[in-house]
Amino acid sequence: MESLRMSGPKLACSRFVFAAAVFAAIVCGAPAASEAAEDVVRFGAPLPLTGPLAPEGIKQQQGYDLWAEQANKIGGILVGGKRYKVEIDYADYQSNTPRAVQTTEQMISQDNVNFLFGAFGSGAAKAASTVSEKYKVPTIAAAASSSQVYDQGYKYLFGTFTPNDTLTTPLTEIIKAQAPDVKKVAILARNDLFPLAIAQEMEKSAKANGFEVVYFEKYAIGTLDHSATLSQMKSLAPQWIFITGYINDLLLIRKQMVDQEMKAGVVTMIAGPAYQDFIDSAGQSAENITSASWWHPAERYAGKDIFGSTENFVKLFRDKYHSDPDYGQASAALCGALFQLAIERAGSLDREKVRDELAKLDVVTFFGPVKFGPNGQINSLEPPVFQIQGARPVVLFPPAIKQGELKLGVN
Amino acid sequence: MLVAQVLVNALVLGCLYACIAIGFSLVWGVLNVINLIHGSFIVLGAYLAWGLYQSLAIPPWYALLVAAPLFFVFGYLLQRSLLNRVIAAPVLVTLTLTFGLDLILNNAMIYFFKADYRKLSLHPSMGSVSLFDVVVPVDRLIATASALALTGLLYLVLRRLRVGRAIVAVRLDRDAAVLMGVDVKSIYAIAFGFGAALAGCAGVLMALIFPISPLTSSTYLGKAFVVCVLGGLGSVSGALAGGLLLALVEGVGSTLIGPAHATTLSFALLIVFLIARPQGLLGRKGFE
């Protein structure tokens, strides 16, 4: 007990030491802290790092991290002759869209981020953009393509995916030209903004090209059993099955298609087959599945951004993650690189000035030419169509980077 | 042929739904506790099957032998140490307690396993069997047969074993059972243990077919709830009837009005049953 007691002078002495320490910390520490804060540009990245959309969220995080690492390697972003380190604040919204909105608001109002990356997917990106627009925070969405995201008249929202019809139109034209026996199409869409929007584009595109759409239905988010839906689809004997959703939905549906012994000349799935995880998990059942995405590592662009060229981006990615990048990771890295370009051109971290520079961008990057339309959505890319052949994605379109011919028959 | 395929799909899925609901129905029927932790027990069972297969290559049908005693002990201890303390309180108290326990278990699973989807993929894949163009995957058939076996086993336990008769006696008349010398607290704990064991086993079977994630627990709980209302509390056959009816409604609804509305249809049916036939298809007092 003795050791716990302090005599009067001892107590006074220790109080003095404590007060002196606090004073020293305030006098010496405060300027250091504010100096450090001034040298950093903070980006907020609300992501679905857990939950059904986690595979997609983690890919986006990898893209952002690669960009931040490259930017910080050269000292950071150059703003008015001074380098600012890049810092990314991640927040996991657990694949729950309302939580993505809350997280975005928290990042702006409490974490004081300078700029934002959009939430994953059209649905969450659209919902969260209402908050970033309210606070006038420039936001680039790395994975939102549906026009409904950009037709809100927002000034501070930009996106690196072209509209959905840029994927479905070339796909339909390829099937029409190379598979003349394919007449009947069945479409099944996840009842979510992007998957449903691209399915509707597909329906339009198929009808415009003379295909008969024999089935068009939506499945609820979180559906575990698709057996009744697939049985009905099978009974209609479509030659082309077009299914939309995210990677976990598509793997589940593909497994249940195999269970039901469903076969078709063409099976298209968007979005997921571009990811190596899809190919690894689906195994043999991934063979000959067609898809389309917004970028492919086979592209060859000499860019003005920090990555310089597509080859260099692919090399840096492989060095860091020991795998090939896909469009999700590339788009996320591009968002960072575009912010860097806009901030450096603005010469300031002022949100208005950076927003104006983003709107003015007309630049070639490792991802391709980047120019945003008046609604903020990129309108300068030609997305590739590909097919899984021999457990790897083989590009069928555009002709400049074509790697193989369409193969028919999915068992 | 589509009609036959839809009916077969519904039959298979219905047995799985019954398996999901049977433990829930037992606890609700005997203890009058709406056990909101049931869905998380199912997911935990699925993780157990997944873990045993990934690490020790133990197939799910053997994992049942591990899951049943493990979950029984877990459920028994939970009832003995926590739920028995508030069992006499109004239903809202036990509901809140199981809600809290569910939050803890579900968040613990998110913490340890992450909310990512995992899949138990058997190597080699078991394929499908087809008869007159009606196709059924073998893994679903195995899960269905196991689900029926578990349901039958519970029926036998309740009918033939002393402990089963005691459970039924407590359900029929708690006070009379006490006068006959039944240790009600023990019976409650055993019934809850059975409920947990059945949930764990259902999880093992679900792992064969569906992806595994803590986020699916609310889906399983919702299905169990609907099955109990449709089939009625108080009988094993009620759970089976409820499961089959739900699967049939979902299958036919999905075919006729589209898969997006199948769940809406099943919950609409739930409301109709609650208003027009609250005791369900085969509901009655007691659990026989």
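## Chain A at a glance

Chain A has 13 helices and 15 strands. Keep in mind that this is a predicted model. Along its principal axes, the C-alpha atoms of chain A fill a box of roughly 95 × 55 × 40 Å.

Of the 411 residues in chain A, 53% are buried. As for contacts between residues at least 6 apart in sequence, 67% of those in chain A join residues at least 24 apart.

## The cores

Now for the inside. The largest nonpolar core has 120 residues, and Ala333(A) and Leu338(A) have the most contacts inside it. Helix 12 of chain A (residues 327-346) gives this core its largest share, 13 residues. Domain 1 (38-162 + 298-371) and domain 2 (165-293 + 385-401) of chain A both give residues to this core, so it lies between them.

Apart from this core lies another one, of 97 residues, and its members include Leu16(B), Leu31(B), Leu52(B) and Leu198(B). As a general rule, nonpolar side chains in soluble globular proteins tend to be buried together.

Back to Ala333(A): which residues does it touch, leaving aside its neighbours within four places in sequence? Ala333(A) is in contact with Gly63(A), Leu66(A), Trp67(A), Phe307(A) and Phe313(A).

Helix 6 of chain A covers residues 165-178, and at 1.5 Å a residue its 14 residues should span 20 Å. Its end C-alpha atoms are 20 Å apart, which agrees.

The buried residues of helix 6 of chain A are Leu167(A), Thr168(A), Leu171(A), Thr172(A) and Ile175(A). Looking down the axis of helix 6 of chain A, you find its buried residues within an arc of 115 degrees, so they line one face of the helix.

## Helix 9: mostly covered

Helix 9 of chain A (residues 247-259) reaches 18 Å from its first C-alpha to its last, close to the 18 Å expected at 1.5 Å a residue. This helix is mostly covered, with 12 of its 13 residues buried. Among the buried residues of helix 9 of chain A are Leu250(A), Leu251(A), Leu252(A) and Ile253(A), along with Asp249(A), Arg254(A) and Lys255(A).

Just after helix 9 of chain A comes Glu261(A), with a positive phi of about 55 degrees.

Key
Residues numbered from 1 in each chain as written. Chains lettered and ligands numbered in written order. Predicted model: local features only at pLDDT ≥ 70, side-chain atom pairs only at ≥ 80, totals over all residues. Core = buried A, V, L, I, M, F, W, Y, C linked by C-beta atoms within 7 Å. Buried ≥ 20, exposed ≤ 12 C-beta atoms within 10 Å, placed from the backbone. Helix = DSSP H or I, 4+ residues; strand = E, 2+ residues; numbered from the N terminus. Domains from an automatic or database assignment. Contact = placed C-beta atoms within 7 Å. Expected span 1.5 Å × (residues − 1). Arc of directions from axis to C-beta.
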